[in-house]
Amino acid sequence: APPVPVITQSGNLLTSSVLTGNQWYFNGNPIPGATGNTHLATQSGTYTVRITDANGCTSNSLPFNFVFVALEPLAGGLGMHLFPNPGDGYFTLEIFGDSGEELSVDVFDLTGKQVLRTRMAPFQGTGQTALDLTPFGKGVYLVRISGSRGGSTLKAVVE
């Protein structure tokens, strides 16, 4: 059997340690057309890569838990602030501007597991929501704010 491929990450780009014969999978399903040794991940979840050598033998990577980090800011000139950060697990997320729509707030641990989901109602001026991360323990969390016009991710540190 060929060597087991290893997945590494740089931003949202995943790379297989094997140059040719790759097929990428997302949550156990093949990703159509994803056959290069790199794959630009577009959503959080579990990625794997299967390689096939010239003899038709295959080998699978270990599952790689990925958390999508938005590259674009929230649309419409919205500003964001998460405080206190670092903190004891109780945070306030404050967004400035006019949202024009309900926003999703999703919190992930560094393994990619979603630990919290909440929504913010449409607002004008300033919108706030409380985030309680105390049940999940100390560590670093990613707070993803998203709407139909884009999203952004902030880091929250629980000490």
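Are Phe26 and Tyr47 buried or exposed? Both residues are buried, where buried means under 20% relative accessible area, exposed over 50% and partly exposed in between, with a 1.4 Å probe and protein chains only.

## Model and confidence

This is a predicted model, in which local features need pLDDT of at least 70, side-chain atom pairs count only at pLDDT 80 or more, and totals for chains, interfaces and linings use all residues. Residues are numbered from 1 along each chain as its sequence is written, and side-chain values use heavy atoms, with hydrogens and water left out.

The predictor's confidence in each residue is its pLDDT, from 0 to 100. For the protein chain the mean pLDDT is 87, and 93% of the residues reach 70 or more. Confidence is lowest in β9, with a mean of 81, and highest in strand β7 (residues 58-60), at 97. Strands (E, at least two residues) and helices (H or I, at least four) are DSSP runs, numbered from the N terminus.

## Aromatic rings

Rings of Phe, Tyr and Trp (its six-membered ring) pair if their centres lie within 6.5 Å; planes under 30 degrees apart count as stacked, over 60 as edge-to-face and the rest as tilted. This rule gives 2 aromatic pairs. The Phe26 and Tyr47 rings are tilted, because their centres are 4.9 Å apart and their planes stand at 50°. Phe26 belongs to strand β3 (residues 22-26) and Tyr47 to strand β6 (residues 45-52), so that this pair links distant parts of the chain, 21 residues apart.

The rings of Tyr47 and Phe66 have centres 5.8 Å apart and planes at 90°, so this pair is edge-to-face. Because Tyr47 lies in strand β6 and Phe66 in strand β8 (residues 64-66), the pair ties together parts that are 19 residues apart in sequence. Tyr47 counts as buried because its relative accessibility is 2%; Phe66 counts as buried because its value is 0%. Phe26, Tyr47 and Phe66 form one aromatic cluster.

## An open sheet

Strands of a sheet pair through backbone hydrogen bonds, either parallel or antiparallel. Here, 3 strands make an open sheet in the order β9-β10-β13, with antiparallel pairing; two strands pair if DSSP finds at least two bridges between them. The edge strands, β9 (79-83) and β13 (124-132), each pair on one side only. From one strand to the next, the twist averages 15°.

Between β9 and strand β10 (residues 90-98) there are 5 bridges in the antiparallel sense. Phe83 has Thr92 as its bridge partner in β10.

A nonpolar core is a set of buried Ala, Val, Leu, Ile, Met, Phe, Trp, Tyr and Cys residues joined through side-chain atoms within 4.5 Å. The largest one has 19 residues, and Leu82, Leu93, Ile95, Val143 and Ile145 have the most contacts inside it. Two or more residues come from each of β10, β11 (103-109), β12 (114-120), β14 (139-147) and β15 (150-158). A second, separate core of 11 residues includes Leu14, Ile31, Tyr47 and Phe64.

A hairpin joins β14 to β15 through 2 residues, and these strands pair in the antiparallel sense over 9 bridges. Val143 stands opposite Leu154 in β15. Of the 9 residues in β15, 7 are buried.

Terms used: Axes fitted to C-alpha atoms, helices over the stretch in contact; angles between N-to-C directions.
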